[in-house]
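Dear colleague,

I am passing on the structure below for your own work, together with some notes on its disulfides. Please read the notes alongside the coordinates.

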Amino acid sequence: MVVINMNSIGEECNKLKHEYDTCFNKWFAEKFLKGESNDECVSLFKKYQDCVKKAIEAQKIDLWELEKDVLGTEQEQKPNPKKRSDGKT
């Protein structure tokens, strides 16, 4: 079996992401699918989540952009606007 791991949004989060992915995949296959719902990877996920939030802020990504629903709308077909160096569109 070949496993391909994607990197995180922030390079500094890659190690945490891969550790969490490994933990989650093992828990899911060995415990969740057998009826055990106690997620043993929660603390690792929270550490990774904190790292991702910091990376999003550092890259100046507006969180509202991540939550915006564009599928099935005119926006889906439009390219993302380029931001100017002063952060405005």
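For the accessibility classes used below, buried means under 20% relative accessible area and exposed means over 50%, with partly exposed in between. Please keep in mind that the model is predicted.

With the bonded cysteines counted along the protein chain, the disulfides follow the pattern 1-4, 2-3.

One of the disulfides joins C13 to C51, with an S to S distance of 2.1 Å. The torsion about this S-S bond is about -95°, so the disulfide of C13 and C51 is left-handed. Its two ends belong to distant parts of the chain, 38 residues apart, since C13 lies in the segment before α1 (14–30) and C51 in helix α2 (residues 42–58). Both C13 and C51 are buried.

The other link joins C23 to C41, at 2.0 Å from S to S, and here a value of -90° about the S-S bond makes the link left-handed. This pair also connects distant parts of the chain, with C23 placed in helix α1 and C41 in the loop between α1 and α2, 18 residues apart. As for accessibility, C23 has a relative accessibility of 24% and therefore counts as partly exposed, whereas C41, at 0% relative accessibility, counts as buried.

Notes
Residues are numbered from 1 along each chain as its sequence is written. This is a predicted model: local features need pLDDT of at least 70, side-chain atom pairs count only at pLDDT 80 or more; totals for chains, interfaces and linings use all residues. Side-chain values use heavy atoms; hydrogens and water are left out. A disulfide is a pair of cysteine sulfur atoms within 2.5 Å. Helices (H or I, at least four residues) and strands (E, at least two) are DSSP runs, numbered from the N terminus. Buried means under 20% relative accessible area, exposed over 50%, partly exposed in between (1.4 Å probe, protein chains only).
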